[in-house]
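Dear colleague,

I am passing the structure below on to you, and after it I set out what was found. Please read the notes alongside the coordinates.

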Amino acid sequence: MIKRSAAPRSPGRPAADQAHPDLREQLLDAATALFADEGIAATTMGKIAAQAGVTPAMVHYYFINRDQLLDAVVDERVMRIVAYVWDGTVGQGEADALELVIGLVERLIDSAEHQPWLPPLWVREVLNEGGLLRERMLSRLPFDRLQWLAERVAVGQRAGQINPAIEPRLVFLSVLGLTLLPLATARTWQRVPPLAGLGRDALQRHVVALLMSGLAAR
């Protein structure tokens with residue numbers, strides 16, 4: 001009886017028993033960091049492989065193409081942070097709008113401290129015109145939570161607690177602008193002598209003070 005040999009693998013492609021979930025996580029970490037530093041358009045699969053210390057074939061083993069990789073970065077990196085930021089509001093249906101906003105600021109800054117790629121990636125690939133993650137994020141954002149926050153702000157306005165000149169639908173955009181934009185440009189402004197040394201605590205105090213002074217009714 002003739003014994004058939006196993007079909008040859010493509011060069012550089014790992015055998016099934018060589019695949020390891022930790023390596024997939026490393027590749028996602030490498031891709032996310034490069035996307036934040038250099039931009040998606042400038043980041044090749046080869047660069048990601050080099051950053052992770054593997055061959056390009058290994059990257060293609062886990063992510064067949066760039067679209068699959070981008071979906072994984074959004075779902076397994078960015079959306080986890082979005083969930084963390086908004087999950088803190090779950091169960092606070094009647095919460096005070098001012099407290100909700102302070103909590104969002106704290107969780108956004110906390111996320112950026114632990115995942116420093118978040119601010120530059122968000123500004124470069126979501127906010128910028130032509131950003132390659134924009135459409136993916138727009139299809140996944142928790143618009144129900146954004147609407148709920150706007151409603152809580154409106155409730156606060158009717159109760160005389162929130163400045164009536166505030167547009168409730170723009171509150172979360174203001175939170176994003178006051179947190180992620182300064183963090184995304186931190187490498188630049190921290191080189192300016194008067195600003196050097198400013199850290200998370202100073203930024204958080206500053207943002208909360210600005211928001212509370214603007215949101216709270218006089």
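**Salt bridge, helix packing and pockets**

The side chains of Arg77 and Glu25 meet in a salt bridge, with 3.0 Å from N to O, where a salt bridge is a side-chain nitrogen of Lys or Arg within 4 Å of a carboxyl oxygen of Asp or Glu. Arg77 belongs to helix H4 and Glu25 to helix H1, so the pair ties together parts that are 52 residues apart in sequence; helices here are DSSP runs (H or I, at least four residues), numbered from the N terminus. A search of the whole structure finds 14 salt bridges.

This is a predicted model, in which local features need pLDDT of at least 70 and side-chain atom pairs count only at pLDDT 80 or more, while totals for chains, interfaces and linings use all residues. Residues are numbered from 1 along each chain as its sequence is written, and side-chain values use heavy atoms, with hydrogens and water left out.

Helix H6 (residues 118–127) packs against helix H9 (residues 171–184) at an angle of about 105 degrees, their axes being 7 Å apart; axes are lines fitted to C-alpha atoms, for helices over the stretch in contact, and angles run from 0 to 180 degrees between N-to-C directions. That makes H6 roughly perpendicular to H9 (65 to 115 degrees). The contact (heavy atoms within 4.5 Å) involves Leu118, Pro119, Pro120, Trp122 and Val123 of H6, and Leu176, Leu180, Leu181, Leu183 and Ala184 of H9.

The largest pocket holds about 550 Å³ of space. A pocket is, on a 1 Å grid over the protein atoms alone, an open set of points where a 1.4 Å probe fits, with protein on both sides within 12 Å along at least five of seven lines, and lining residues have an atom within 4 Å of a point; a volume is the space filled by probe spheres set on the points, which are joined across faces, edges and corners. Of the 30 residues that line the largest pocket, Trp122, Leu141, Phe172, Leu173 and Leu176 are the closest to its centre, and H9 gives the most to this lining, with 7 residues.

The second largest pocket holds about 430 Å³, and among its 20 lining residues Pro116, Pro119, Pro120, Leu183 and Ala186 lie nearest the centre.

With best regards

Technical notes. Helices (H or I, at least four residues) and strands (E, at least two) are DSSP runs, numbered from the N terminus. Angles under 35 degrees count as roughly parallel, over 145 as roughly antiparallel, 65 to 115 as roughly perpendicular and the rest as oblique.
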